[in-house]
Amino acid sequence: MAEESAELSAAIADVTTYPVAPGVRLNVRSGPGTSYQIVKVLPYNVRVPIYCQSPGTKVSGYYGTTNIWDNIGPNQFVSDAYVNTGSDGYIAPRCA
């Protein structure tokens, strides 16, 4: 049991996270677009993992205008326009 817990902790530690725009409480949606349901709202000054990315609704935000949406968990997407990835393009694999 302790070995499994250590492996899980190591896997979590290896996940790169990216900062959400300062002063923004970001909507998390069930899919890659503004027409998808809001499933939660992130608090200020958080970092998010990006597991994959999908094209979706074009959004203008803190870091520009983009149609890239970041998958931050199961059925959880945020617009890349509010995540500081250091790139205007894809930085993760496309979601299946």
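# A charge over a ring, a disulfide and strands

Me: Where does the charged end of R94 sit?
Reply: A charge counts as sitting over a ring if NZ of Lys or CZ of Arg is within 6 Å of the ring centre and within 35 degrees of the ring normal. Here the charged end of R94 lies over the ring of Y90, at 4.0 Å from the centre of that ring. Residues are numbered from 1 along each chain as its sequence is written, and side-chain values use heavy atoms, with hydrogens and water left out. The model is predicted: local features need pLDDT of at least 70, side-chain atom pairs count only at pLDDT 80 or more, and totals for chains, interfaces and linings use all residues.

Me: What is the mean pLDDT of the chain?
Reply: This score is the predictor's confidence in each residue, from 0 to 100. The chain has a mean pLDDT of 90, and 86% of its residues reach 70 or more. Over residues 5-11, however, the pLDDT is below 50. Beyond near neighbours in sequence, that stretch makes zero contacts in the model (a contact means heavy atoms within 4.5 Å). Where pLDDT is low, the predicted coordinates should not be read in detail.

Me: How many bridges join β5 to β6?
Reply: Two strands pair if DSSP finds at least two bridges between them. Seven bridges link β5 and β6, which run antiparallel. One of the bridge partners is D70 in β6, which faces Q53. A hairpin connects β5 to β6 through two residues.

Me: In which sense do β6 and β7 pair?
Reply: Strand β6 (residues 64-73) pairs with β7 in the antiparallel sense, over four bridges. In β7, Q76 is the bridge partner of G73, and S79 is that of W69. These two strands also form a hairpin, with two residues between them.

Me: What is the phi of N75?
Reply: N75 is in the loop between β6 and β7, and its phi is near 55°, a positive value in a residue other than glycine. N45 belongs to the loop between β3 (38-41) and β4 (47-49).

Me: Are N45 and N75 buried or exposed?
Reply: Buried means under 20% relative accessible area, exposed over 50%, and partly exposed in between (1.4 Å probe, protein chains only). N45 has a relative accessible area of 60%, so it is exposed. The value for N75 is 56%, so this residue is exposed too. Of the 96 residues of the chain, 38% count as buried.

Me: How many of the residues of β6 are buried?
Reply: Seven of the 10 residues of β6 are buried, and the strand is mostly covered. In β7, Q76 and V78 point one way while F77 and S79 point the other way, and all are buried.

Me: Which residues does the disulfide join?
Reply: A disulfide is a covalent bond between the sulfur atoms of two cysteines; in the search, the two sulfur atoms must lie within 2.5 Å. The structure has one disulfide, which joins C52 to C95 with an S to S distance of 2.0 Å. C52 lies in strand β5 (residues 52-61) and C95 in the segment after β7 (76-79), so the bond ties together parts that are 43 residues apart in sequence. The torsion about the S-S bond is about 95°, so the disulfide is right-handed. C52 is buried because its relative accessible area is 14%, and C95 is buried because its value is 19%.

Me: Why is the pair of Y62 and Y63 given its name?
Reply: Rings of Phe, Tyr and Trp (its six-membered ring) pair if their centres lie within 6.5 Å; planes under 30 degrees apart count as stacked, over 60 as edge-to-face and the rest as tilted. A search of the whole structure finds one aromatic pair. The ring centres of Y62 and Y63 are 4.8 Å apart and their planes are at 75°, so the pair is edge-to-face. Y63 has 31% relative accessibility, so this residue counts as partly exposed.
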